[in-house]
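Open your viewer and get ready to select residues. This tour tells you what to pick next and what is there.

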Amino acid sequence: MLAVARPVNLAFGLSSNERDASHHMAAFMEVDLRTCQPDTLVDRINAVPALKTSAVLGPAAHIDKRSSSPVATTANKSAPSDEPIGLDDIPPLSLGVLTEHADKVDALKLVADSIAQQRQTASRSMVFHPLNVAGLSATLGVAYQLNSNRDLGVNLSIMSGIIMAYLMTIRYFTAQYIPLAEDLKWDWILPIKDDGELDPDAEEDKIIGAKYGNEIIGALVLRLVPSTSEQTLAAAGSTNSRRKRSPSSLNNYYTGGHGVVRAWTTILRYRRRGVGSDMLHEAIKVTRDHCGKDARVVFAEAHANSVMVVHDMFNRPFRKAEQWAAAALEKALQHVESDQPKR
Ligand SMILES: CC(C)(COP(=O)(O)OP(=O)(O)OC[C@H]1O[C@@H](n2cnc3c(N)ncnc32)[C@H](O)[C@@H]1OP(=O)(O)O)[C@@H](O)C(=O)NCCC(=O)NCCS
């Protein structure tokens, strides 16, 4: 059994969208299932909600008591350190499919933020790339040689100018991440077919959110893909529109299908705390609830963070991130399978 707690007071539901729908629905990278996963973060936290949440989120997370609603803030910006924090004031961390429109919008904003953050990653990669550093050093050397008869102040100004130009050029090349982030809109989660038309049979993507109090701290966009159109029609037993279908026939629609993770992100300050793994577990559970207990879950090849705007030699950090993301999914799948009762 998948160990993910879902507090009833949470307004959780789903959805996400696509920059290039036809692109996204096309190719998926297969992920294999192996490894094991310990108890989920949500379980660990919600066993004693207040205590454990603060423990896991660590010293960086405190509750701002001046706010009417409890929110997680950074230590230096939150409640005075000499005031003890009441356990009841610490909001629970919970996880589930988002149902509220506002939550879904916040989750999509988180995904858009993660795309914009790729600009920093790409910039760092370019600034410190050996080839660029060598080019910069050579330029500085030549400039120094050409101006060796001038005074130190002039030389320092020239060097600063060259370094500034270097950084501005990199900034220019990585700027394309910003419009990419801005392009992520609601229609990205709609089931748009290759021909650009809305698929009347399919649902919009589900958005799995991790929520700390009222704040969405993690989002995963999951697209359920039916097995084949023929099987789908047979399973649904009719060609009626989705509006006329019962929830059970919608489940039939996806039976035999699989889940595709189209976006997966945790807010920066909560990363490396297990939130991402918990969302993967939930994605597997949701997929198997709809598609069957052996349904696969894979990352979309054209996921939200897959667009690389700079030359491939600077994209190593993104390739590495994709590799450990695939490994994390594999681990989550393995964990879920080891929890399933043997047939
Ligand atoms: C990917 C992301 C959602 C992970 O969220 P998270 O809350 O930090 O994930 P977790 O703490 O549950 O870690 C999940 C696994 O990934 C690994 N991992 C996370 N960040 C990592 C990093 N920077 N480098 C290497 N491994 C990393 C963890 O070690 C963990 O594996 P483990 O269970 O074997 O220890 C988060 O880093 C993020 O939002 N990144 C930006 C968006 C992005 O790149 N998405 C992935 C697109 S493929």
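Start with a definition. A residue is buried if 20 or more other C-beta atoms lie within 10 Å of its own, exposed if 12 or fewer, and partly exposed in between; the C-beta atoms are placed from the backbone. Now select Leu333. Is Leu333 buried or exposed? Leu333 is buried, because 23 C-beta neighbours lie inside 10 Å. Leu333 belongs to helix α11. Helices (H or I, at least four residues) and strands (E, at least two) are DSSP runs, numbered from the N terminus. Arg296 and Leu333 are 37 residues apart along the chain, and their C-alpha atoms are separated by 8.5 Å.

Two notes before going on. Residues are numbered from 1 along each chain as its sequence is written. The model is predicted: local features need pLDDT of at least 70, side-chain atom pairs count only at pLDDT 80 or more, and totals for chains, interfaces and linings use all residues.

**The whole chain**

Zoom out. The protein chain has 11 helices and 9 strands. It has 343 residues, and 37% of them are buried. Two residues are in contact if their C-beta atoms, placed from the backbone, lie within 7 Å. Take the contacts between residues at least 6 apart in sequence: 79% of these join residues at least 24 apart.

Select residues 206–212. This is strand β6, and 7 of its 7 residues are buried. Lys206, Ile208, Ala210 and Tyr212 point one way from β6. Ile207, Gly209 and Lys211 point the other way.

Next, show strand β5, residues 93–99. β5 and β6 run antiparallel, joined by 5 bridges. Strands pair if DSSP finds at least two bridges between them. Pick Leu93: its bridge partner in β6 is Tyr212.

β7 is antiparallel to β6, with 7 bridges between them. Find Gly209, which stands opposite Ala219 in β7. What do β6 and β7 form? They form a hairpin, with 2 residues between the strands. Click Gly213 in the turn: its phi is positive, about 65°.

Select residues 258–266, which are β8. β8 is largely enclosed by the rest of the structure, because 9 of its 9 residues are buried. β8 pairs with β7 in the antiparallel sense over 8 bridges. Gly218 has Thr266 as its bridge partner in β8.

Then show β9, residues 297–300. β8 and β9 run parallel, joined by 3 bridges. Val260 stands opposite Val298 in β9.

**The nonpolar core**

In soluble globular proteins, nonpolar side chains tend to be buried together. A nonpolar core here is a set of buried Ala, Val, Leu, Ile, Met, Phe, Trp, Tyr and Cys residues joined through C-beta atoms within 7 Å. The largest such core has 57 residues. Which residues touch the most other members? Select Val111, Ala219, Leu220, Val221, Val261, Met279 and Ala283. The core lies between domain 1 (12–118 + 185–339) and domain 2 (120–177), because both give residues to it. These domain bounds come from an automatic or database domain assignment.

Centre on Leu220. Leaving aside neighbours within four places in sequence, Leu220 is in contact with Ile208, Val261, Ala263, Trp264, Met279 and Ala283.

**Around the ligand**

Show the ligand. The shell around it holds 20 residues, and Thr265, Thr266, Arg271, Gly276 and Ser277 come nearest. The elements giving two or more residues to this shell are β8, α10 (275–291) and α11 (316–339). Which element gives the most? α11 does, with 6 residues.

**Two loop stops**

Select Arg272, in the loop between β8 and α10. Arg272 counts as exposed because it has 7 C-beta neighbours inside 10 Å. Its phi is near 60°, a positive value in a residue other than glycine.

Finish at Val309, in the loop between β9 and α11. Val309 is partly exposed, with 17 other C-beta atoms within 10 Å. Leaving aside neighbours within four places in sequence, Val309 is in contact with Ala122, Thr174, Gln176 and Tyr177. Val309 and Arg119 are 190 residues apart in sequence, yet 9.1 Å apart in space, C-alpha to C-alpha.

Notes
Near = placed C-beta within 6 Å.
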